[in-house]
Amino acid sequence: MRTALYPGSFDPIHLGHIDIIRRICPMFDEVVVLISQSSNKKTLFTTEERKNMIIESLADLKNIRVEIHNGLTVDYAKKCGSKVIVRGLRAVVDFEFEISMANINKKLAPEIETILMFSQHEYYFISSRGVKEIAINGGNLIGLVPDSVIGPLKNCRASTL
Ligand code: ADP
């Protein structure tokens, strides 16, 4: 079975992530959206909340699985037998980070390939950080995150006021 991993924080999932997932799903038997439980990154949503938002916004896709992982992505890949890690590439600023991450992962696990997917032009400016900033300041989130994520983001704003 051809399984691809799509790792990230997804705090929260936005339309840039959704676009990449929808484009990679037809290429693989299974896509695992892997929520990294990074200990050094403070998140707005818990891993369970992030997982539920992803499941809800991609409910129509039959070949995705959403998992939470604490540790190296390559270790998860080895455990589940995946040979492919997919990453999304927005602007040039992502490139430095992605090339070094891909090389570190190649060193740790030479059998695993990193595939980079370019963001489509209508999504390249979207980031989780950006949508959180917009939400906190009461801005319009339509067209940036799935409809099911707008409510939870607004609730977070309400709890900070
Ligand atoms: P963010 O940078 O928005 O917080 P993550 O850290 O969760 O997102 O990133 C998970 C993956 O999604 C990474 O490979 C990242 O480059 C990719 N990604 C994030 N935003 C976009 C976007 N707007 N278009 C395409 N890929 C994206």
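Predicted model: local features only at pLDDT ≥ 70, side-chain atom pairs only at ≥ 80, totals over all residues.
Visitor: Does Gln-120 count as buried, partly exposed or exposed, and what is the class?
Guide: The relative accessibility of Gln-120 is 32%. Buried means under 20% and exposed means over 50%, with partly exposed in between. Gln-120 therefore counts as partly exposed.

Visitor: With which residue does the side chain of Gln-120 make a polar contact?
Guide: Leaving aside neighbours within four places in sequence, Gln-120 is in contact with Asp-19 and Arg-23. The polar contact is between side chains, at 2.7 Å. The partner is Asp-19.

Visitor: How far apart in space are Gln-120 and Leu-141?
Guide: In sequence, Gln-120 and Leu-141 are 21 residues apart. From C-alpha to C-alpha, the distance is 19 Å.

Visitor: Which residue has a polar side-chain atom 2.6 Å from an oxygen atom of the ligand?
Guide: There are 18 residues around the ligand, and Tyr-6, Gly-88, Tyr-123, Ile-126 and Ser-128 come nearest. Gly-88 places a backbone N or O atom 2.6 Å from a ligand oxygen, and Ser-128 places a backbone N or O atom 2.8 Å from one. The residue with the polar side-chain atom is Tyr-6.

Visitor: What percentage of the area that the ligand exposes when taken alone does the protein bury?
Guide: The space taken by the ligand is the largest pocket. Taken alone, the ligand exposes 530 Å², and the protein buries 91% of that.

Key
Residues numbered from 1 in each chain as written. Heavy atoms only, no water. Buried < 20%, exposed > 50% of the residue type's maximum accessible area, 1.4 Å probe, protein only. Contact = heavy atoms within 4.5 Å. Polar contact = N/O pair within 3.5 Å; in protein donor to acceptor, adjacent residues only side chain to side chain. Near = heavy atom within 4 Å. Areas by Shrake-Rupley, 256 points an atom, 1.4 Å probe, with all protein chains shown as cover. 1 Å grid on protein atoms, 1.4 Å probe; cavity = no way out; pocket = protein on both sides within 12 Å on 5 of 7 lines; lining within 4 Å. Sits in = over half its atoms within 2 Å of the grid points.
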